[in-house]
Amino acid sequence: MLRDREKRVLVFGGAAAAVLLLLVFLVIPGISRIKSQARAVAVAETDLAEVRKARPEIERIQSETAAKAGMVRAAANVKDAPLSRITSVLQEAGIPQAALNIKSGGARDGELFREEAFDVRIENLTYLEAVKTLQRLSAGTLPVAIRSASLKSRYDDARYLDVTLRVGYLAPKP
């Protein structure tokens, strides 16, 4: 049989082993989990602060999207083709047919709208005419989104520009 001293050593050894196992399997992983969750909370708070700062911008974009959606729904009832509508708006802006070249760039379905892309090339515009054309396209009643604009000075006369636009004509998704 075991003596009292051996029993005490065995009890203390078992208690020490239990404490070590408790530390290794419960306490240390718990502390590391708390630290990682504290870091995640800090990141989430930072993200939330950024979203709160961006809220007015998000609301402005949502209102612009709602207005554009109204224009798209209204334009869906028009029988003219998108190409002819874009051409007529540009000609109403005073751009002669000889300076205008429009090519279809294909169609794609977006989240809210179907977009038919057009590459519009206009030659011999003054800077003011180019700005007015961009404004007329983007702020007019036509449901378009100007995806890109390239303005290049003409090599023969720097007072004039060659303008290349990537225009997306928006339509409701079928």
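1. Which elements cover the buried residues of H1? In this predicted model, the cover includes helix H2 (82–92), helix H3, and strands E2, E3 and E4. The buried residues themselves are Lys68, Ala69, Val72 and Ala75.

2. The spacing of those positions deserves a remark. An α-helix has 3.6 residues a turn, so residues three or four places apart point the same way. Lys68, although a lysine, is listed with the buried residues of H1.

3. Helix H1 spans residues 4–75 and is not straight throughout: a kink of about 50 degrees lies at Ala54, shortly before the proline Pro56.

4. The strands form an open sheet of 4 members, paired antiparallel in the order E1-E2-E4-E3. At its edges stand strand E1 (100–109) and strand E3 (144–153), each of which pairs on one side only. On average, neighbouring strands of the sheet are turned by 15 degrees against each other, direction ignored.

5. Within the sheet, strand E2 (residues 113–125) and strand E4 (residues 161–172) run antiparallel and are joined by 11 bridges. Asp119 stands opposite Arg166 in E4.

6. Helix H3 (residues 127–139) lies across E2, E3 and E4 and runs at about 170 degrees to E3.

Conventions
Residues numbered from 1 in each chain as written. Predicted model: local features only at pLDDT ≥ 70, side-chain atom pairs only at ≥ 80, totals over all residues. Heavy atoms only, no water. Pairing = 2+ DSSP bridges. Helix = DSSP H or I, 4+ residues; strand = E, 2+ residues; numbered from the N terminus. Axes fitted to C-alpha atoms, helices over the stretch in contact; angles between N-to-C directions. Contact = heavy atoms within 4.5 Å. Bend = angle between axes of the 7 residues up to and from the residue. Buried < 20%, exposed > 50% of the residue type's maximum accessible area, 1.4 Å probe, protein only.
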